[in-house]
Amino acid sequence: DLSGTTMRDTAVRVEITGDETTMNEIAWQDCNITETMIKGPIDIMGANFLNSRFATVFMDGLPGEDLSDGERQDPRLTITNMEAAGAVFSDNTHLRWMEIKGSTTKLNSVDMREVLFEFVNVREAEMRSIDLRTAKLQESNFFNVEMRRANLEGAGFRNFKIFDSDASKCNFDRTESIKECGNFVCPAFEASETDFEDSSFFRAELLKAKFVDCNLKNTDFSLTTLSSEDEGANFTASDLAGATFRGAEMPFTDLTDAKNLESVDFNQANLFMAVGIDCEEFCENRGCECNAPSAGPVFDPGIECFPASARVQIYGEDGVTTKSMAEVTHGDSIATGWGTMFSEIFFFSHREPAPPSQFIELTTAKHGTLALTKGHYVHLASGQTVAAGVVRPGVDYLVVSGTGEAALVVKAEKVWLSGLYAPHTLHGDLAVDGFRVSSYTAAVPSGLAHVILGPLRWLYRAAGVAGSLDGGGRAGLGKWFAHAVLPKGKALVYV
């Protein structure tokens, strides 16, 4: 019986098991709770974990036996009316087969990055501004949860359900599906009667996602992947007023009874065989597409590059000359697009004469075209840096190299071009086809990408190492470094 125990600023390492254990009204504040196991069946009532740190903690409700109808008994580790504001859960903390509930449960501003939720029910809890970046939410349910401004960037979902909740102003960018479901793709995400207004799902991969009767006003789904094989997302009866699906892959999506479609930005989205609309008629004046997913050459959507035919300016012994991207090499001093500034290339994350791949071609009114993959960043005259796939024809202006003049984009379309080239300059920017662009992409925020490549820039400057940085293709020191410092072995400029 641990009921009523109070600890402050204490190191805790303990194993708690058994159905005769009681832990009501405990107050473990500002504690370091490490290598701890709490296994059910246990009911924990009124716990206070304010500002405590949990590392390598395993909470397991011990699942019940399979029932005759295939369902399982309820989790037998329950935490009711817990207060944990400011707590940090880290280092392989697992929550399994448990329920967190109660109208006075408060997990506001809790850091739960990389925590594994598996068969966890959360009911009536307050989780405002909770940090769930790169967490894994598998077979778990959130009911009547208040989680405004939560950060779930990079989180993984499998059969995750959220009902009757407030998830407005949340960050779901780059979230992804956890696909392991035997021989088929698991549904990633199911939401019903939930408020997502002003949230962002930029570049997310949510296969078979469902948003039924939800508020998705002003929500950003740019460059998302929402379909798997022959099954798409479901937005039945949801309000999509002001939402953005620019460049989204959403074949077979169900838009039955979706509200306010007339105000949605579907430019460059693929709505092949979408349910609830006539795709050809619907996309005629909206800039979206109705192409079968398998059309054209195979394209790896994670690779962000320029085609071999892209043109750049190089400063050398013969002054300023124009070269194709395929002719550029390490150590070349390339125009940055800022006045007459040139910067050396110290690293290629891709440098391959690859077969045709899909690019976005941006056509301007007076200054020609720019072709690059949809996740590569371009500079706009407004001062923003955005992925090419979300540039808006008739609205956005590219920046002309050297002069800084604004060039109105009048058309954006998909084209197939050969080669995959992604040079990195010491400056961080370069001029391609006469426009100012970034070395970086939507795979990693630009500021973070620049910091991550700092050691390679230092090595290049200090040792004069050039060609050995990446070996020309996928091998070499630079590629090894990018894989070593980024999660899941993913290189810097592609997901």
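Me: What is the mean pLDDT of the chain, to begin with?
Reply: The mean pLDDT of this predicted chain is 84, and 85% of its residues reach 70 or more.

Me: Where does pLDDT stay under 50?
Reply: It stays under 50 over residues 294–301 and over residues 466–495. Where pLDDT is low, the predicted coordinates should not be read in detail.

Me: How many contacts beyond four places in sequence does the model have for those residues?
Reply: For residues 294–301 the model has 10 such contacts; for residues 466–495 it has 80.

Me: Overall make-up, then. How many helices and strands?
Reply: The chain has four helices and 31 strands. Of its 495 residues, 56% are buried.

Me: And what is the accessible surface of the chain?
Reply: The accessible surface comes to about 20,500 Å², and carbon and sulfur atoms account for 48% of that area.

Me: Among contacts between residues at least 6 apart in sequence, what percentage joins residues at least 24 apart?
Reply: The figure for the chain is 42%.

Me: Changing topic: where is Glu146 found?
Reply: Glu146 lies in the loop between β13 (141–143) and β14 (156–158).

Me: Is Glu146 buried or exposed, and why?
Reply: Glu146 counts as buried because its relative accessible area is 16%, and the cut-off for buried is under 20%.

Me: Which residues is it in contact with, leaving aside neighbours within four places in sequence?
Reply: Glu146 is in contact with Ala125, Glu126, Met127, Arg128 and Asp166.

Me: What lies 3.0 Å from a polar atom of its side chain?
Reply: That is the backbone nitrogen of Arg148.

Me: On to the sheet that contains β25. What is the strand order?
Reply: The order is β26-β25-β31-β30, in an open sheet of four strands with antiparallel pairing.

Me: Which are the edge strands?
Reply: The edge strands are β26 (385–387) and β30 (429–432), each of which pairs on one side only. From one strand to the next, the twist averages 40°.

Me: How many bridges join β25 to β31?
Reply: Two bridges join β25 (residues 376–379) to β31 (residues 435–441), and these strands run antiparallel.

Me: Which residue in β31 is the bridge partner of His376?
Reply: The bridge partner of His376 in β31 is Thr441.

Technical notes: Residues are numbered from 1 along each chain as its sequence is written. Side-chain values use heavy atoms; hydrogens and water are left out. Buried means under 20% relative accessible area, exposed over 50%, partly exposed in between (1.4 Å probe, protein chains only). A polar contact is a pair of N or O atoms within 3.5 Å; within protein, one must be able to donate a hydrogen and the other to accept it, and residues adjacent in sequence count only if both atoms are side-chain atoms. Contact means heavy atoms within 4.5 Å. Two strands pair if DSSP finds at least two bridges between them. Axes are lines fitted to C-alpha atoms, for helices over the stretch in contact, and angles run from 0 to 180 degrees between N-to-C directions. pLDDT is the predictor's confidence in each residue, from 0 to 100. Accessible areas come from the Shrake-Rupley method with a 1.4 Å probe; for residues, only the protein chains shown count as cover.
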